[in-house]
Amino acid sequence: MSMDFNPQQRAAIEHQARHLLVLAGAGTGKTRTIIGRAAHLIESGTPAERIVIVTFTRRAAHEIRSRLSSTIGAGGARVVAGTFHYLCLRIMRARRRWFGYQDMTIMDRDDQLQLMKLVRGECVGGKSSTKATVPAAAQLLDYYSYARNTNQPASEYLRKFTDFEQSSVELLLDIFNAYKTRKQTNGYLDYDDILHRFAKVLHDDAHVRERVATQYDHVLVDEMQDTNPLQWLILESLAEHCNLFCVGDDAQSIYAFRGADFQNVHSFSDRLPQSEVVKLEQNYRSTQPILELANWVLAQSPLNYDKTLHSERAEGTRPQLVDFDTELDEAQWIVAAIQARKNEGNSWSDHMILCRTAYSARPVEARLIEQKVPYRFVGGIGLLQMAHVKDLLAVLRCAVNHRDELAWMRYLTLWPRIGEVTAARAVERLAREASAAEAAETLKEVFAQRKEVTELPATVLQHLTQPKLALKAAMKALEPVVKTKYERWESRRNDWQLISKLAANHASLQAFLETYTLDPMSATEATAGDNPQEGVVTLITVHSAKGTEAKVCFAAAVQPGNYPHSRSLADPDAIEEERRVLYVALTRACDELFVTRSLSRGYARASWNASTGTHYFLEGLPAGVVDWDAPGFGAAVHVDDDVIG
DNA sequence: TTACGTCCACTTTTT
DNA sequence: GTGGACGTAA
């Protein structure tokens, strides 16, 4: 192995204990250590396919996979690497009988929302007085999902962590149950079901547990601090027969909203007796001035993170803090700065723009498009979530799973003169049929006078294993119908072409749909591969950016209302999580870091004034930690001394 | 029952 | 700028 490691990294990589916890701060070479561990195991004789690497985001999984094959070669490619969801589904599909698993339609967040909305409406009834007091579908989904991910009954969760009255709790539980039942009758699997089903079978059935776990020798887990109790159950089951190698950093825990529990890190040694702990403390990624800022942010916390990173790279420029009047000025300046650097000979791909929310990335994205800067957007709306793409995919989903109520509704109501009521009546009949073929026949009966409606599903059914042909038929039949629905149809048609290209790479419609539900891809990501030699600027949400780095980072829109986000102000734990989000953003930068902010949005100005220091993480930033300069790229800037610091 | 107008709030993070 | 909820005409 040609890679160099420091003594702590080497100790982790070569350790002999049963289980190991690696506490690794930002930029201490976490991913390198995981790759190094895999390489070491393979060199010591472990077959590559008996090593599993579990990551938390799909982006991290891609990163690991590509680094595995570039550093270890062919053996590396045989290591199994993916997110918890991907790996659980993969195993369940390969061992259907063990898990009682049959193919189901994976629901994305939109599907979940729609279904929840539906059952919420049905359970609450027409009484608008009670309707107003029942949380919105999105909120209900969050409660339900959180309870499941933390492995507690929804009733217990609601009683402990919300202040609904008993009668409301019961209504909510009824809604959850209806949602669950509806999922089953429609043949749906949501994200939580994937983990839950896998964890449950492993937990309940010692025989299956053994058979699954003995397929592997080593399970390497990245971002351990973001695992939730449900995921811990899975790891615990595997630990009986496998060696765990878990890497984490509590200062980077930013998924508590999804049930992440850093007890999984803190209690690691207690839960797994035959385990050791190694710490990685040397930071190689960032220059010392960048770490000074990140350390300062963390030091303001009432929590003691016991974490002060020291860089091996003392030299470097101080981070720059730049203020703007409007977010448009800010976006302009960031893009101009990147263009200037590109002209000086840097690559587009050296630059990463980090945003707290996909929403706050919009002005920057608009400017990138305007200036024709090649970029990809990671996080936010995926290609398959766009309305016109969903229109196209709906009919494919019907063919794969004829009980897919949401897809049928979407497909049928596309057609003129078919509204919700007519469609719902038809769907009720279709879903009762025993097979997709019979459903297609029934459809012909129901809409006997509407050949244009009934032909397409039958055609798609002929091409279940030829996604390319299925897409072609669907596009041809639907374009005239959908064209009038949207403005700027031409640009949307490009997305259809893109979908058709992606689908052509898959052996079946089922595989195609499943892949992109589990691994949603943004439109810009899908096209980014088109010019790899040029490279692209990465525009990314902080949550998606974890585990990655770039030479030059722009943390954008770092203003009150975003850090912490205004929606988290009510909950002290949530505020602390927001602080870690900022910490993660700042520690992505290797060489240069720019922190920008603007006050154009009304709420930002309002919360800036209202927060008076306690709820804005850059409040009270001491002089010398950053260069707080007027921008040098010609944008109009007015620093408002009255309100800042 | 559908289509279309108007008015409303509302904009977290991911699998 | 967008999507949902609601009311009304055909």
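Select helix H23 (residues 436–446) and helix H24 (residues 451–462) in this predicted model. Their axes come within 9 Å and cross at roughly 165 degrees. Here helices (H or I, at least four residues) and strands (E, at least two) are DSSP runs, numbered from the N terminus. Axes are lines fitted to C-alpha atoms, for helices over the stretch in contact, and angles run from 0 to 180 degrees between N-to-C directions. H23 and H24 are therefore roughly antiparallel to each other (under 35 degrees counts as roughly parallel, over 145 as roughly antiparallel, 65 to 115 as roughly perpendicular, the rest as oblique). The crossing of H23 past H24 is left-handed; that word applies if the near helix is turned anticlockwise from the far one by less than a right angle, and right-handed if clockwise.

Show the side chains next. H23 makes the contact with Ala436, Ala437, Ala440, Leu443 and Lys444, and H24 with Thr454, Pro457, Ala458 and Leu461. Two residues are in contact if their C-beta atoms, placed from the backbone, lie within 7 Å. By class, seven of these residues are nonpolar, one is polar and one is charged. Ala, Val, Leu, Ile, Met, Phe, Trp, Tyr, Cys and Pro count as nonpolar, Asp, Glu, Lys and Arg as charged, and the others, Gly among them, as polar.

Residues are numbered from 1 along each chain as its sequence is written, while chains are lettered from A and ligands numbered from 1 in the order in which they are written. In this predicted model, local features need pLDDT of at least 70 and side-chain atom pairs count only at pLDDT 80 or more, whereas totals for chains, interfaces and linings use all residues.

The axes of H24 and H25 come within 9 Å and cross at roughly 170 degrees, so the two are roughly antiparallel. Leu456, Thr459 and Val460 of H24 meet Ala470, Ala473, Ala474 and Ala477 of H25. That contact has six nonpolar residues, one polar and no charged.

On H20, select His388, Asp391, Leu392, Val395 and Leu396; they meet Ala470, Ala474, Met475, Leu478 and Val482 in H25.

Move to DNA strand B. Of the 28 residues around DNA strand B, the nearest are His85, Gly379, Gly419, Val421 and Thr422 (near: C-beta atom, placed from the backbone, within 6 Å). Helix H3 (58–71), helix H22 (420–432) and helix H29 (542–545) each give two or more residues to this surface. H22 gives the most, with three. The surface has eight nonpolar, 13 polar and seven charged residues.

Two backbone details follow. The peptide bond from Tyr563 to Pro564 is cis, with omega near 0 degrees; Pro564 lies in the loop between strand E15 (550–555) and helix H30 (572–586). Asn151, in the loop between helix H9 (137–149) and helix H10 (154–161), has a positive phi, near 55 degrees.

Last, colour by pLDDT, the predictor's confidence in each residue, from 0 to 100. Chain A averages 89, and 92% of the residues score at least 70. Where pLDDT is low, the predicted coordinates should not be read in detail.
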